[in-house]
Amino acid sequence: QFQKPGDAIEYRQSAFTLIATHFGRVAAMAQGKAPFDAKVAAENIALVSTLSKLPLTAFGPGTDKGHKTEAKPAVWSDAAGFKAAADKYVAAVEKLDAAGKTGDFAQIKAAVGETGGSCKGCHDKFREK
Ligand code: ASC
């Protein structure tokens, strides 16, 4: 799928950058830092939902080096734990996507909290600070 390990690292980092950008726009609304707009929230959530499926495909064996990376060795040494953390994130994003489709602020806010928690849960164990 990737020519070189570095290509996979750049790919997953690009996906995370886009996810953080679009999730951040929704999180700002949930936190009252930006005005709530249900349509803008839903558009950004739809992008997060699509993008959420990308990074895990780029953590294959041997992609721990070849480009600057913050991924900890635990990604590969505790592959089951990493998969579980990634699955938790994808599941949280599915709930966020459903909330985005309702356009309901309270539901979106709750789902943003759960999704942010799943981002952090994975970062704490599997990403260098
Ligand atoms: C974000 C972002 C993360 C998560 C995390 C939540 O917006 O970029 O990595 O939320 O900070 O705790």
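Me: Where does the ligand sit?

Reply: Rolling a probe the size of a water molecule over the atoms shows where empty space is left. In this structure the ligand sits in the largest pocket (more than half of its atoms lie within 2 Å of the grid points). A pocket is an open set of points on a 1 Å grid over the protein atoms alone, where a 1.4 Å probe fits, with protein on both sides within 12 Å along at least five of seven lines; lining residues have an atom within 4 Å of a point. The model is predicted: local features need pLDDT of at least 70, side-chain atom pairs pLDDT 80 or more, while totals for chains, interfaces and linings use all residues. Numbering starts from 1 along each chain, and side-chain values use heavy atoms, without hydrogens and water.

Me: Which residues of the lining lie nearest the centre of the largest pocket?

Reply: Phe16, Pro55, Phe59, His123 and Arg127, out of 27 lining residues. The lining divides into 17 nonpolar, 6 polar and 4 charged (Gly counts as polar, Cys as nonpolar).

Me: Which elements give two or more residues to that lining?

Reply: α1, α4 (79-102) and α5, with α1 giving the most, 7 residues. Helices are DSSP runs of H or I, at least four residues, numbered from the N terminus.

Me: Which residues surround the ligand?

Reply: Ala20, Phe23, Gly116, Cys119, Lys120 and His123 (a heavy atom within 4 Å). This shell holds 3 nonpolar, 2 polar and 1 charged. α5 gives the most to the shell, with 4 residues.
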